Amino acid sequence: MSSLPAAGHRQHGFIITAVTPVAELNVTLVQAVHERTGARLAHLACQDPNNVFAVAFRTPPADSTGVAHILEHTVLCGSQRYPVRDPFFAMLKRSLNTFMNAMTASDWTCYPVASMNRKDFYNLMEIYLDAAFFPLLREQDFHQEGHRLEFADPLDPATPLQIKGVVFNEMKGAMADPSSLLGRRLNRALFPGTCYGHNSGGEPLEIPDLTWEGLRAFHADFYHPGNSWFFTYGDLPLAGHLERIDALALSRFEPREIHSAIPAEVRFTAPRRTEATFPLSPQDDPAGRSMVQLAWLSCPIEDTFERAACGILAGLLLGDPAAPLYQALLDSRLGQNLTPGTGYHDDYRDTVFAVGLQGTEADRVDAVEGLVLETLERITREGFPAERVEAALHQYEFSSREVSGDQYPYGLSLLMRFLGPWLHADDPLSPLQLDRNLAALRRAAADPAFFPKLIRRHLLDNPHRVTLLLRPDPEHARREEQLLEQRLKQAAAALGTEARNRLVTAAAELQRSQETPDDTSCLPTLDLADIDPAEQEVPFVATRVAGSKTLWFDQPTNGITYLSLQFDAHGLPLELRPWLPLFCALLPQIGAAGQDYLTISRRITAVTGGIRLGTNLLEDPTDLDRARATIDLRAKALDPRQKALCELLTDLLTAPDFSDLERLRTVIGQVRVTMENSIPGSGHSYAARAAAAALTPTARLREEWSGMSQIRLIQQAAALDDSGLTELAGRFSDIAVQLLTAGRGAAAITAEAGAHASMAKPLAALLAALPTGAGAAAATAADRTWPVPAVAWSVNVPLAYVAKVFRTIPYGHRDAAPLLVLAKLLRANFLHREIREKGGAYGGMAGYNADGGLLSLISYRDPHLLRTLEVYREAVEWTCRGEFTDEMIREAILAAFGELDRPLSPGGRGHREFLCQQQGLSMALRQGLRDGILAVSRETLAGAARRHLRDGDDNSAVGVLAGDALLETARPELEKVGTRFERL
């Protein structure tokens, strides 16, 4: 990390306004302002090689046409320096980026990228600068990404008129999701006077009101340096960032005053109630599907201390099952789980506190509201025990200190931590100052009346409260479709012959544009020489602790210890096997060692950063029909709490108590609601798992544990009476006795070197306390008798998720590398064009799982079903012809390595290497795959396609999740291939 400029220093048009070390996060914050335009910049200097760049704009919408969202899509469709049709997706395949995306929030739009390669990082920065500030915003791109009128057969004006567009279809899917709809409708009621009351993503019924001219005007109004916030992070010198930002963008603008500040919401004088509906299939039972949510407008975002205190208060009230408001709501049996969005949200101009119940009934609004208010009144009288306050402060410290990065770059997570206060209060610093904030909170919390007064001020005596009922309505979808149909009829009636011909011409031109190969020569790229040919080792020390294999990883975890425990599940009786995921969900949420679940929950909050268990399947690298089933436990704690963590785990693993039937019923109900809610957002994953289940025994077990079959099993468990639940509790106890033994266990510790010694004794005590048990037998080949090769699930969504999956070869086979590259070629050069651009789906994807030997073709929020299956057939033929240019192959190789080399958090690095060692994925095997990717050719790619996709079609299967209307239209064709039809 190079030396940093001092405050007052001028460089490349910027003046440095502040330089502040943040020791607790091992970063230094440099703040700067561009003197000519007023653009703001925050740079976090640190030793992390995963550098991040982002530019954000305040983009408050004035309506729900989705203008900010559609603009986010359209600015990435070509710019002045890079006038190609789709530079965003083009760069995805010619880059080693570790993150590349764009995000539209309720009041801002952000364009972040990250890379560990210096050349790549600056390539991406240049693309994003030109896209954001100098986009082409072509009308054709607006119609493709946003909305357009088009005939069902685009070239036949005699066919029905339709509304098409990527964002239009995306938001149709999003607004059919009750969880998403809850947040949108709550904001509409809570913020009637500011931009937060509008749907920045777009309401499907209002998106067609947006014009191309309106889109361009919105860009002109808000995408100016005077309304921009730049962010950089990592180990590259700041001077290089400033030079490029100024030269490529800011120096080309004149100063201008931008009116984007968001006023404070006018406060209510009395609480309000509102009601909304969400779509439900007429075939589904509406009982137990309503949601009731209470929300308050809390303190303004610029009040740093009050904001932090409200965050702690949310943890005290709702942070775990023993928290009083959480416990009161769940114990009431008024609903199944807390509502999505429950908690404190401090990213808007005015912050929000929300709480409620889902899985309830529409006539329980009074009861839920009354229970919340009565419980808050009781808490203000009784206060919080000192140990619970300390536990909440511990959680604040842990979450602030942890170096994340497994899902997206750590630098980006830090930006998200302070972006709201920066945009609205010009304060990027205070959200990062963990030690200072914690000290102030501890001083305030020493007064037992502090948090009760906070409840009184922000909740009980706050009239700006909304109570929302969101209930299912079988007529909801039909009403919306009728409104769209009415709009289309009016549009059709207004179309004369000439206008109809213009629509046909526009459709033909769009299709021609989509099919014309883009000249991407103007885009920067990397060479294969920029790829590190060597697999990066994660060093560890292997020992045996209390007889169990244990790996020790030295990683920069910032004072946190990560513990991974793995128990081999092979040999578990078949009648117990389906229940293993629910066992994992229950174990950290029940009582143990004579303590009830409330006590255990309090201990987890007080001494850990979280404990979670899950099932895992470790495929044999040499045989698709062999795998090891395991239970993986992951726990983490601040280093001083290592001993307490191990003592807690000892109790959970050696003496779990499944006898509290009411607790089992509560947790099973929560799991059921959570899994049902996951379908709209993860329908493509469920479709792919459903298809893959027909192809390998491992994939079949994965579907049983995490697919639609598991949702069905959880629904059955949630309906059990006391007798059935008692029997199920016995099964959970049997699983614990059989699996949680030393003979089946292995461990890994990831921490800084100094914390290894202090962890040795507590870990030894934990492992020694496990029952001896017999070791698991070696995995054997499974019986290969497959279910039907196509399954279609009817679900409550207006669109489809369509997957076709091929069984191929194991990890160690020479064709694994070509198949990995083929998946990248398919996604970038065929499926994106055919399924997203032409078909209007939100996503068209291909992926190859080298561990499991499965290649998947997938669509996401897709208005088509049969057409998509035909596209998959054409995609296979395209790959077999081998018509790949050298550029396509090079880009696909880059994309493959971008995925393989994606950085992880320090804790994630240790855990992943532990899994590789457990699976038998040696460095030699991993290096062999890497070498194979670098060696692929047109011939090896086409040959692998012919062998495993075209000639292997008999070893493929189809999985579909779709709404009733789409499924019924496709049913005759699906029945011809023996499709099994299912409904939850």
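**Cavities and a helix pair**

Modeller: This is a predicted model. Counting cavities of 30 Å³ or more gives two.

Colleague: Which residues line the largest cavity?

Modeller: Its lining consists of Ser-298, Cys-310, Leu-313, Tyr-344, Phe-353, His-458 and Leu-459. At least two lining residues come from each of helix H9 (304-318) and helix H15 (450-460). By class, five are nonpolar, two polar and none charged.

Colleague: What lines the second largest cavity?

Modeller: Arg-665, Ile-668, Ala-717, Ala-718, Leu-720 and Leu-725 surround that space. Helix H21 (661-677) and helix H24 (708-718) are the elements giving two or more residues to this lining. The second largest cavity has about 30 Å³ of space, and its lining has five nonpolar residues, no polar ones and one charged.

Colleague: How do helices H10 and H11 pack?

Modeller: Two packed helices are described by the angle between their axes and the distance between the axes. For helix H10 (residues 324-331) and helix H11 (residues 365-382), the angle is about 145° and the axes are 10 Å apart. The crossing of H10 past H11 is right-handed.

Colleague: Which residues of H10 and H11 meet?

Modeller: From H10 come Pro-324, Leu-325, Ala-328 and Leu-329; they meet Leu-371, Val-372, Thr-375, Leu-376, Arg-378 and Ile-379 of H11. That contact has eight nonpolar residues, one polar and one charged.

Conventions:
Residues are numbered from 1 along each chain as its sequence is written. This is a predicted model: local features need pLDDT of at least 70, side-chain atom pairs count only at pLDDT 80 or more; totals for chains, interfaces and linings use all residues. Side-chain values use heavy atoms; hydrogens and water are left out. On a 1 Å grid over the protein atoms alone, a cavity is a set of points where a 1.4 Å probe fits but cannot get out, and a pocket is an open set with protein on both sides within 12 Å along at least five of seven lines; lining residues have an atom within 4 Å of a point. Grid points are joined across faces, edges and corners, and a volume is the space filled by probe spheres set on the points. Helices (H or I, at least four residues) and strands (E, at least two) are DSSP runs, numbered from the N terminus. Ala, Val, Leu, Ile, Met, Phe, Trp, Tyr, Cys and Pro count as nonpolar, Asp, Glu, Lys and Arg as charged, and the others, Gly among them, as polar. Axes are lines fitted to C-alpha atoms, for helices over the stretch in contact, and angles run from 0 to 180 degrees between N-to-C directions. A crossing is left-handed if the near helix is turned anticlockwise from the far one by less than a right angle, and right-handed if clockwise. Contact means heavy atoms within 4.5 Å.
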